[in-house]
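Trainee: I'd like to learn how to read salt bridges in a structure. Can we go through one together?

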Amino acid sequence: MSLNPITSLYYIAPCCLVFLTVPWCAVELPRLRAAAASAAGLARPDVFVFGTNSLCAFALNLAVFLLVGKTSALTMNVAGVVKDWLLIAFSWTVIKDTVTPVNLAGYGIAFLGVAYYNHAKLQGLKAKEAERKAAATAVPKPDDAEAAARLLPEKYGGDGDSKN
């Protein structure tokens, strides 16, 4: 079964709501009630922040479904590794977070995995393209035509001597 990204969200969003409501009620709801009680009823949710956060989540889910639909789930995972690299580079350069040698070794291993994935995928695409070109330029041999003529009568139940 193949669904477009909007239809996928149509089916998945209610399930996400149900499964995220349970931990929200257990973790966040008591905090909201405590904040509302301590602020004498002045603590209300910010509708603008909630709305923009909801739109961002919707856009993220739509982008994920589009990416997986056009490529594959493995490509999504590799893109996640690249996203992690960018976040780490940002936190290292802008926020001045420390990066240990163990972190660098892990990033190096992840980089080698992504490089191998890209190399293997490129080799597969080149092989398919070469196969396609070979099939397009292939000239049928005379014995191939004879074999095809023998198979056609067998397929259609004729004796092979009749002409159209």
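Trainee: Let's start with Arg-31: is Arg-31 buried or exposed?

Mentor: Some ground rules before that. This is a predicted model, where local features need pLDDT of at least 70 and side-chain atom pairs count only at pLDDT 80 or more, while totals for chains, interfaces and linings use all residues. Residues are numbered from 1 along each chain as its sequence is written, and side-chain values use heavy atoms, with hydrogens and water left out. Now, buried means under 20% relative accessible area, exposed over 50%, and partly exposed in between (1.4 Å probe, protein chains only). Arg-31 has a relative accessible area of 55%, so Arg-31 is exposed.

Trainee: Which side chain does Arg-31 meet in a salt bridge?

Mentor: A salt bridge is a side-chain nitrogen of Lys or Arg within 4 Å of a carboxyl oxygen of Asp or Glu. Here Arg-31 pairs with Glu-28, at 3.9 Å from N to O. Glu-28 is partly exposed, at 33% relative accessibility.

Trainee: Where do Arg-31 and Glu-28 lie?

Mentor: Helices (H or I, at least four residues) are DSSP runs, numbered from the N terminus. Both residues sit in helix 1 (residues 5-38), three residues apart, about one turn of the helix.

Trainee: How many salt bridges does the count come to?

Mentor: Three. One joins Glu-129 to Arg-132, with the closest N and O atoms 2.8 Å apart; both lie in helix 4 (residues 101-137), three residues apart. Another links Lys-83 and Asp-84 at 3.5 Å, N to O. Lys-83 is partly exposed at 46%, and Asp-84 is partly exposed at 36%.

Technical notes
Helices (H or I, at least four residues) and strands (E, at least two) are DSSP runs, numbered from the N terminus.
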